Amino acid sequence: VSNESYDYFQVFALLNKPALKKSVEIEFEMLCQEKGIDKDSMEKRYMFVLNPDDTDKMKAINVSANKDELEERKELFSKYNLTSIQCLPMGITNLIKINNSQNEIIVNMEETTTLTFIENGQIAGVETIETSINETLEKISKAENSETKAYELLKNTTISSQDMSMLQEGNEYIDTVVPILFAMLNEIKEKIAEFGKPVKKIYFSGTGTMINNVDMYFQDRLNEIKCEILKPSFVNSQSLKIGVKEYIEVNSAISLALSGLGVGQTNELNFSNKGIVSAAGIDLSGGSIKN
C-alpha cells in the first residue's frame, strides 16, 4: 500500500464485534467529513489493540488508502494470485520477536521513513518523518549520473567515528550522507518525545541500513536507547550461504512475503480480498524457505 493514512480511534472494550465495527465506521465517516474527503473513495482496514492506560477502552488503528490507487496496484498483479496487499510499516513487525514488557520502535529507512511504535508487545501506531535516505541517493546519483553507482557508493560508505568532519578513503560522499542522518535523528527524537513513554530499543531497517555502522551513528547520539540493525529473527547467521547484510537490505520485501503467508499480527490490515497462502510446510529456520 502506498500513500496510506493512519488514524486512531478510542472505542469501548466491552462492545461486541458488530458494535465495535459500527463505532469505527462512524468515527471514520466523521473524520472524512472534517477532511473534506469522500469516504466512498477510500478503502480501509483496522485492527484493535488494548489501551494500557485504560482497561475499559481499546484503540482502533485505522489504515485507509485511495481505492483507485489500490486498483492500479492490483492490476499490476492481475496475472497472479495476489494474496496480500499490506502497509509496510505494520508488516515489518513480523521480522522481530516483539518484547512484551518494553517499548520499541522500528525505523524503516526506505523511500519514505516510517517509525512503527510497539508498546508492551502491541503495535501502538505509525509515524512518518520528512527526511528520507532517498535524498542522499538522489544527490549522489545526480553527481555521478548513475543511480546504480549511487547505490554502490552509499553501500560502501562507512561511518566510523563521532567526528564526521574526518573524510576517509572511499567515503567521498560522507558529507552528503551525514546531514541527512542528522536531520533524521532530530525528527526521530521529536517523535519519541511526542510518544511520551520510555523507549528501550530502536531497530533500523530498509535501504538506509546499507550504510556501514549506521546503527552506531544513532547509538552514539541516543545513548539511553539500544540501537541495532533489524535482522529477521528466523535467520541463523551461521548457516547462511550469503552475508546476512544481503538479507537485511531486503527486509521490506521479506516482510511483505511473510505477510502473504499469514505470518505476524497484522492480517486484519490486508487490502487484498483473496485468502492468504497457507504457511504449512514452509521452513523459516536457518534463513531458508522450502516448499
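The side chains of Glu249 and Lys155 form a salt bridge with an N to O distance of 3.5 Å, a salt bridge being a side-chain nitrogen of Lys or Arg within 4 Å of a carboxyl oxygen of Asp or Glu. This pair connects distant parts of the chain, 94 residues apart: Glu249 lies in the loop between α8 (244-248) and α9 (251-260), and Lys155 in helix α5 (residues 147-155). Helices (H or I, at least four residues) and strands (E, at least two) are DSSP runs, numbered from the N terminus. Glu249 is buried at 12% relative accessibility, and Lys155 is buried at 18%; buried means under 20% relative accessible area, exposed over 50%, and partly exposed in between (1.4 Å probe, protein chains only).

The model is predicted: local features need pLDDT of at least 70, side-chain atom pairs count only at pLDDT 80 or more, and totals for chains, interfaces and linings use all residues. Residues are numbered from 1 along each chain as its sequence is written, and side-chain values use heavy atoms, with hydrogens and water left out.

A search of the whole structure identifies 13 salt bridges, including the following.

| Salt bridge | N to O distance |
|---|---|
| Glu249 and Lys155 | 3.5 Å |
| Asp40 and Lys39 | 3.3 Å |
| Glu43 and Arg45 | 2.9 Å |

Glu43 and Arg45 are both buried. Lys39, the partner of Asp40, is partly exposed, with a relative accessible area of 34%. Elsewhere, Glu127, Lys191 and Glu194 are joined in a network of salt bridges. Side chains of opposite charge can pair when their charged atoms come close.
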